[in-house]
Amino acid sequence: MDTISTAKAHGGMQGIYSYSSLSLDGEMTFAVFMPPQAADELVPVLWYLSGLTCNHSNVMDKGEYRAAAAKHGVAIVCPDTSPRGDGVADDESWQLGKGAGFYIDATEEPWAANYQMNSAIHFELQEVVAENFDVDLNRQGIFGHSMGGHGALIAALREPERFKSCSAFAPIVNPSTAEWSRNAFTAYLGSDESKWAKWDAVRLIEGGARFSEFLVDQGTADSFLDDGLRPWLLEEACKAADIPLTLRMQDGYDHSYNFISTFMADHIAWHAKRLKA
C-alpha cells in the first residue's frame, strides 16, 4: 500500500492510499478515515460505495461523514468506482466504462480484463485494509449511493455472514430492468440475462437471498427516481421475503450530495448501533 496523503480531521486521520490490484490489472486508489478511538482499540469498519461518474474523493469532499464517524468510533473506507488507466476499456456513455464499474465482475471482453470490481473491493482491498489499519473485520457494514447503493445491497445479500449492516441512498435496486443499467450489464455480463441475477438486489431476494434489515433514503425530487432507481420494487421484494426495510421518502430532496450529506450522520449512527451491538 502506498500513502498518497494524510490529514488530521475531527481527532482522527483522513488518508488517501493506493495499491496495485491484480483484479483490476492496475492501481486502485481509495480513502480511509480512521476515528480517534482507533488509537486504543480495533474499530468497526463501514464501506462506502460511490455512484456513477464518481471516484474515491467525491464523498470524502462532499459527504460530511467524518464528524459522525469520529463521534461513533467507526472507520470509513471509500474505494474507487471502476478501474483506471490509459489501457482500460472505456465508453462515451457516463453509464458505462470508467466511473461505472457497477461493483460486479465482468465476464465479457474487453471489460473482463479490468472490470473486476467485486473481487477488487471485497477480497483484495479488504486484505489491504486489514493489514494496514486497526479495524475489526468481525464488525463490518456497507452503504452507498445510487450505483453504490446497488453495490451495497448486492454485497450484503451475497455475503450476509460478513456484513452486519447495510443502508443506501437512492440505490438502483433492480438494475436488470432499469434503462440506467441494462446497457452496462449487457456489455459487462453478456446478453444472457439469467447471468445478471446475482448482481441484482431484487432478483437476489426473489432467488432466496436474505439479509437482516435495510435502511434506504430516497429523495422525492430525484430526477432518476422513475427510470433508474424505483425503490418500490425493493420494498415489494422485501415485503414478500419478510426482510425488514425502512424506506424513507425524503420530501423535496434530489440525487446530489446535498441529499447525501443531509442524512449521512443518520446512516452512520444507524450502522454504529448495529456494529457495536
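A residue is called buried under 20% relative accessible area, exposed over 50%, and partly exposed in between, with a 1.4 Å probe and protein chains only. The model is predicted, so local features need pLDDT of at least 70 and side-chain atom pairs count only at pLDDT 80 or more, while totals for chains, interfaces and linings use all residues. Residues are numbered from 1 along each chain as its sequence is written, and side-chain values use heavy atoms, leaving out hydrogens and water.

**Salt bridges**

A salt bridge is a side-chain nitrogen of Lys or Arg within 4 Å of a carboxyl oxygen of Asp or Glu. The structure holds 7 of them; the table lists some.

| Pair | N to O distance |
|---|---|
| Arginine 139 and aspartate 136 | 2.9 Å |
| Arginine 274 and glutamate 213 | 2.7 Å |
| Aspartate 266 and arginine 248 | 3.6 Å |

Aspartate 136 counts as buried because its relative accessibility is 17%, whereas arginine 139, at 22%, is partly exposed.

Arginine 274 and glutamate 213 meet in a salt bridge at 2.7 Å. This pair links distant parts of the chain, 61 residues apart: arginine 274 is in helix H9 (residues 257–275), and glutamate 213 is in the loop between helix H6 (201–206) and strand E8 (214–219). Helices (H or I, at least four residues) and strands (E, at least two) are DSSP runs, numbered from the N terminus. Arginine 274 is partly exposed at 24%, and glutamate 213 is partly exposed at 24%.

The salt bridge between aspartate 266 and arginine 248 has its closest N and O atoms 3.6 Å apart. Aspartate 266 lies in helix H9 and arginine 248 in strand E9 (residues 245–250), so the pair ties together parts 18 residues apart in sequence. Shared partners join Asp217, Arg248 and Asp266 into one network of salt bridges.

**Core**

A nonpolar core is a set of buried Ala, Val, Leu, Ile, Met, Phe, Trp, Tyr and Cys residues joined through side-chain atoms within 4.5 Å. The largest one has 96 residues, of which Phe30, Tyr48, Ile76, Phe102 and Tyr188 touch the most other members. Leaving aside residues up to four places away in sequence, isoleucine 76 touches Ala31, Val32, Phe33, Leu46, Tyr48, Tyr65, Ala69 and Ile268; contact means heavy atoms within 4.5 Å.

**Overall fold**

The protein chain has 9 helices and 9 strands. Of its 277 residues, 61% count as buried. Its C-alpha atoms fill a box of roughly 50 × 40 × 35 Å along the principal axes.
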